[in-house]
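Reader: I am new to this structure. Please take me closely through one part of it.

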Amino acid sequence: MELERVSTGVPGLDEILSGGLIKGRPYLVAGGPGAGKTILCMHFLLDGLKKNEKGLYISLEENADHLRQDMAVFGWDLARLRIMDTMQDLGSEKWVLKTDKAVSRPEFTVINLVKVIEEKLKTYRPKRLVIDSITSVRMLYDKELNVRRELLSLMNFLTKVECTTLLTSESYMHNSEVQMEEFLASGVIKLHKIESKGERISAISVEKFRGSGFDRATRPMKITGEGMTVFPGESIFEPAQF
Ligand SMILES: Nc1ncnc2c1ncn2[C@@H]1O[C@H](COP(=O)(O)OP(=O)(O)OP(=O)(O)O)[C@@H](O)[C@H]1O
Ligand SMILES: [Mg+2]
């Protein structure tokens with residue numbers, strides 16, 4: 001049976017994914033600070049809107065107004081997009097995640113996050129979901145064991161819902177360790193910054209993609225005033241000069 005595909009909305013990216021993401025599964029978008037994780041996720045949700053598929057963006061780091069301002073430079077109309085920043089939605093002191101570094105407000109738990117998402121799925125019925133970023137979830141727990149248990153429960157939940165989900169995660173250049181969320185996701189898309197002849201170029205790669213073939217090469221990617229574009233036919237290395 002051919003699995004149903006969902007477009008990422010990023011020009012060129014579906015091509016390296018053999019046609020797009022597989023519907024209903026959770027995917028990880030990993031990259032360093034400013035790599036383009038949020039922009040990629042917005043493409044995905046806006047593509048949904050064009051196809052009359054509702055999108056829900058859960059912001060665990062940035063406040064919704066700032067996000068709308070940031071994305072306005074691309075001329076995107078986010079008015080029809082449901083953006084939930086965690087502070088607004090629960091409105092109580094129990095759900096203030098955004099506290100610089102001292103994030104461990106004990107009341108903010110994955111169980112509560114799942115409850116909020118469940119509620120939204122019932123009332124709003126989005127087809128596409130973004131959680132930006134799960135690095136915040138990581139920081140809620142002191143012990144790696146707890147991080148794992150909570151992420152596992154979140155991923156299990158996301159696997160069962162009907163939405164196609166993108167989760168972003170902050171990856172650090174000097175840390176080559178594979179994070180647990182990469183194992184749990186159905187696929188991993190990585191955004192890179194590569195130093196080449198004193199210039200930094202952006203690139204993208206697919207690290208894993210369950211149930212599908214994919215392009216194993218790292219491909220150039222660009223962010224311009226129109227958003228993100230991937231160049232599937234191009235190499236990040238210039239052809240050798242003879
Ligand atoms: N008009 C533009 N032209 C080129 N690059 C742009 C433009 N607008 C934004 N950018 C770049 O996009 C990047 C920000 O993308 P985005 O917010 O998606 O990154 P991110 O990975 O989500 O970052 P963070 O880790 O801070 O959440 C920045 O590096 C910025 O320079
Ligand atoms: Mg971001």
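Which residue stands opposite aspartate 132 in S6?

Author: Serine 59 stands opposite aspartate 132 in S6. A word on the basis comes first. This is a predicted model, where local features need pLDDT of at least 70 and side-chain atom pairs count only at pLDDT 80 or more, while totals for chains, interfaces and linings use all residues. Residues are numbered from 1 along each chain as its sequence is written, chains are lettered from A and ligands numbered from 1 in the order in which they are written, and side-chain values use heavy atoms, with hydrogens and water left out.

Now the strand itself. S6 covers residues 128–132. Strands here are DSSP E runs of at least two residues, and helices are H or I runs of at least four, numbered from the N terminus. S6 has a parallel partner in strand S4 (residues 55–59), over 5 bridges. Two strands pair if DSSP finds at least two bridges between them. Strand S7 (residues 164–170) also runs parallel to S6, joined by 4 bridges. There, leucine 129 stands opposite threonine 165.

Is S6 buried or exposed? 5 of its 5 residues are buried, so the strand is largely enclosed by the rest of the structure. Buried means under 20% relative accessible area, exposed over 50%, and partly exposed in between (1.4 Å probe, protein chains only). The cover reaches both faces. Arg128, Val130 and Asp132 lie on one side. Leu129 and Ile131 lie on the other.

Next, the ligand. Ligand 1 is surrounded by 13 residues (each with a heavy atom within 4 Å). The closest are Gly34, Gly36, Lys37, Thr38 and Ile39. Helix H2 (37–50) and strand S10 (219–224) each supply at least two residues of this shell. H2 gives the most, with 3 residues.

A backbone N or O atom of glycine 34 lies 2.9 Å from an oxygen atom of ligand 1. A polar backbone atom of isoleucine 39 is 2.8 Å from an oxygen atom of the ligand. For isoleucine 223, a backbone N or O atom lies 3.5 Å from a nitrogen atom of ligand 1. Taken alone, ligand 1 exposes 650 Å², and the protein buries 58% of that (Shrake-Rupley method, 1.4 Å probe).

Last, the cysteines. The count of disulfides (cysteine sulfur pairs within 2.5 Å) comes to 0. Cysteine 41 counts as buried because its relative accessibility is 0%. Cysteine 163 is buried too, with a relative accessible area of 2%.

Note on methods. A polar contact is a pair of N or O atoms within 3.5 Å; within protein, one must be able to donate a hydrogen and the other to accept it, and residues adjacent in sequence count only if both atoms are side-chain atoms.
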